[in-house]
Amino acid sequence: MNVLAFLIPIALFLGGVGLAGFMWTLKSGQYDDIEGAKWRILSDNDLPKADEN
Amino acid sequence: MTVRIEPVGGAAAIVDGAVSAGAPVPRPRDWSDFASPRPDGLLGLDLVVEGITCAACLSVIEHGFAGLPGVAKARLNLTNRRLSFEWNPALINAGDLVRRLERLGYRAQPFDPGRRSMEEQAEARELLRATAVAGFASMNVMLLSVAVWAGNVSDIDPVTRDFFHWLSALIALPAAVYAGRPFFRSAWRALKVFRTNMDVPISIGIILTLLLSLWQTMRSAEHAYFDSAVMLLFFLLVGRTLDQSMRRRTRAVAEDLAALKSSSAVKILADGTLREVPLSRIEPGDIVFVRPGERIPVDGIIEAGVSEVDYSLITGETIPVPVAIGDRVYAGTADLMGALTIRVMAAERGTLLDEVNRLLEAASQAKSAAMRLSDEVARRYAPVVHLAALSTFLGWMAMGERSDAALVTAVSVLIITCPCALALAVPAVQVVASGMLFRRGVLIRSGDAIERLAAVDTIVFDKTGTLTLPEPVLLNAVSLDRLAQGLDSGAIPCRSDGPIRSGNALEASGRLAAASSHPLGRALAAAAGNPMPEPSAREVPGRGIEATVDGERERLGSAEFCGLSGTEVDVFRAAYPTASIVYWRRGTQAPVAFGFRQGLRSDAKQTIAALKAEGYRIEILSGDRVDAVSAAAVALDLDVWAAEQSPTEKVARLQTLAGQGRRVLMVGDGLNDAPALAAAHVSLSPITAVHLSQVAADAVFLGDRLAAVAHALAIARRARRAMAENLWISIVYNVVAVPIAVLGMVTPLVAALAMSGSSLVVTVNALRLRLGDATVETSTAETIEIKP
């Protein structure tokens, strides 16, 4: 049963990481525009400009 | 629809004269009034952007502002169609940004979020956070509980069990305090004024369960119920979050409507000068001036000027309607072609747009008050549970049991009767059914729409854009020659090559039409196979397109523009009494007429017949003219229809039907349908509908086929059956489990079986809906195909 002393804190910690991650996505407004996000990945705005050569 | 082809040139000339005679040009709107300072020295502005139709707009707009000096942020939110700017006021100003947006082809209105919507947004975030915390806690506590259950029937060491219970308490108590706040707050607010609401029993149940579990843990008893408390909280929060997001969407509709209305108008003063004044200072009877390209700010009657007005906001009709002196125009519609002078009938209040807004708000409030199946069951079920628990406690006390033991048994009754199955019964079916609907091109906005769809017995259709396709179709091409010779009965297919070579005419006029942005021009170009636009083509605003081809002048447009005489026009009118007509003429050759009409959806007839055969009562409720509606009704073999209905009349008709005990499905697309869509028991709208109507509707269907409506109804009926089965399954489980709990014999095995067993059966039963669904999947591709 000693193994529980490790496993339970680890399980709680991993769960807590997930929870913190979710809170962060919420706080940084990632659910404000769920429609736009799926299209934004197709946009190449973030690439270095190719027309400057 | 009635279309007057001939513009009245004289009136336009008067207006042009008045403007060129030195009337001062009204001051443009000062956009910087709407900007607000942001923390880092920048200015910010939120705009409602019109004409956002697809993801391409996102790229066009954001690209258009990327790298512009001084612009720190230009981000379009596709979900609520709002564009948010942040910029450095030293480098660029708000007016420049809006003008640039206009050059990109989008009109914008300032958007003031208002306190109410800010509060609702904060509430939504709090609910999401609480849901996340409750979810985290319930998963972890459940993990520990399963271990305890298993240990209780085998050989768990009491010390380990206590450790697990204390650990559960450590997770569950803070989580319940945090995640339970929305319920506790609402319950407290109600209790303070000596009232009760649904949150009161929920709060009491959760607090009681937690306190009892804590006490059980302290005296190292076998059972604790932390898992049940947080699990219940989690499911309740999920439901509440979904419900809140739905209400927030309806609120967004009202905000957008308000933004569409102009906040100022150009008034013509008694001495003939023009001045831009706030809408609040415009009275009925005043004269206002509207320039081409602007939205009309008031409801009124045209005093001077000729133009075409885009009524699509009001009717969903995409063909611009020519207007002349004496015609009525509405606030929120767009003046496309010429300047108009309008005598005001309603300005700040009482416009059609206001009326729609008011009706929409009233209707959506009424709807959220409507009871849902799961709520209904919960409401009838809850008193029974509480009564059972109370009588268990009193019964055991009466039999001389110790009060703490009696309390434990009573709470066990409470808990075992609150299993996940009841919470899962309806949502599980909703998830499966909305997935099935999605594959048939029907997108459901709210889960409970499925229940409401299943109850429908009457279907009310709007005509324009719903029974008919939103884009006009070319009927045929007829030359005056053939009509005169009596060779043509008015029904030549558009591609037939006769002596007048209407095929060639179609091809040539198609090249002119391709250079036009007019909806009829686009339809003509599409009928001609979208040829390359004629390079010399030039658009004459309000009249047509002109080009010089092989040294000859070609014209496409109104009768007057193509130089037709009155008698010639009469001949064509007689051939196409209900169509919109565009003329094409090369040099002085005989003119060719192209008639357009909005065609019925390809499967409208079969779908309506099939729905009638299934016993649905079907009506048409349209804002269109009598002859157009009666023609559609005859074609579809429907005998109940009403034409020229205002939004208020539509809602009134739905209320009459509801008063007769009918459950009405409203299918519509125009802004004039939006209140009716919100007022109906349940509503559907095509994906081509105006944005506001889509949001007002419970579901949206893709594609050109009306069959989606029939699919939605059929799936909803099957889903409703599955929901009822599920509710029965969970009730039967309880009927078995409650007596055992009342007798004080709740072993961990019973708890585990009742909880996971019933949840499992309910989920499997929901998945069973999918069986036999494979047969339809082959036709899906066809349904989902959307026109670009």
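Colleague: Among contacts in chain B between residues at least 6 apart in sequence, what percentage join residues at least 24 apart?
Modeller: The model is a predicted one, and chain B has 28 helices and 27 strands. Of its contacts between residues at least 6 apart in sequence, the share that joins residues at least 24 apart is 67%.

Colleague: What percentage of the residues in chain B is buried?
Modeller: A residue is buried if 20 or more other C-beta atoms lie within 10 Å of its own. Chain B has 788 residues, and the buried part of them is 46%.

Colleague: How many residues does chain A bring to the contact with chain B, and which helix gives the most?
Modeller: The contact takes 20 residues from chain B and 16 residues from chain A. By class, the chain A side has nine nonpolar, four polar and three charged residues. Helix H1 (3-27) and helix H2 (34-40) of chain A are the elements that give two or more residues to that side. With seven residues, the helix that gives the most is H1(A).

Colleague: Which strands are the edges of the seven-strand open sheet in chain B?
Modeller: The order in this sheet is E15-E27-E26-E25-E16-E23-E24, with mixed pairing. An edge strand pairs on one side only, and the two that do so are strand E15 (442-444) and strand E24 (641-642) of chain B.

Colleague: In E23(B), which residue is the bridge partner of B:Thr458?
Modeller: Strand E16 (residues 458-461) and strand E23 (residues 617-621) of chain B pair in the parallel sense over four bridges. The partner of B:Thr458 in E23(B) is B:Arg617.

Colleague: Which residue takes a positive phi in the hairpin of E6(B) and E7(B)?
Modeller: An open antiparallel sheet of six strands in chain B has the order E7-E6-E8-E14-E9-E12. Strand E6 (residues 264-268) and E7(B) pair in the antiparallel sense over five bridges, and B:Ala265 stands opposite B:Val277. The hairpin has five residues between the strands, and the residue with a positive phi near 90° is B:Gly272.

Colleague: In E14(B), which residue is the bridge partner of B:Val288?
Modeller: Strand E8 (residues 287-290) of chain B is joined to E6(B) by two bridges, running antiparallel. Four bridges join E8 to strand E14 (residues 340-346) of chain B, also antiparallel. The partner of B:Val288 in E14(B) is B:Ile342.

Colleague: Why do the buried residues of H3(B) line one face of the helix?
Modeller: The buried residues of H3(B) are B:Ala94, B:Leu97, B:Val98 and B:Leu101. On the other side of H3(B), B:Glu102 and B:Arg103 are exposed. Seen down the axis of H3(B), the buried residues line one face because they fall within an arc of 95°.

Colleague: Is B:Pro89 buried or partly exposed?
Modeller: B:Pro89 is found in the loop between strand E4 (82-87) and helix H3 (94-103) of chain B. Its C-alpha atom is separated by 9.7 Å from that of B:Pro37, 52 residues apart along the chain. B:Pro89 has 14 C-beta neighbours inside 10 Å, so it counts as partly exposed.

Colleague: Is B:Asp550 buried or exposed?
Modeller: B:Asp550 is found in the loop between strand E19 (544-549) and strand E20 (552-557) of chain B. Although B:Asp550 is not a glycine, it has a positive phi of about 50°. With 7 C-beta neighbours inside 10 Å, B:Asp550 counts as exposed.

Conventions:
Residues numbered from 1 in each chain as written. Chains lettered and ligands numbered in written order. Predicted model: local features only at pLDDT ≥ 70, side-chain atom pairs only at ≥ 80, totals over all residues. Contact = placed C-beta atoms within 7 Å. Nonpolar A, V, L, I, M, F, W, Y, C, P; charged D, E, K, R; others polar. Buried ≥ 20, exposed ≤ 12 C-beta atoms within 10 Å, placed from the backbone. Pairing = 2+ DSSP bridges. Arc of directions from axis to C-beta.
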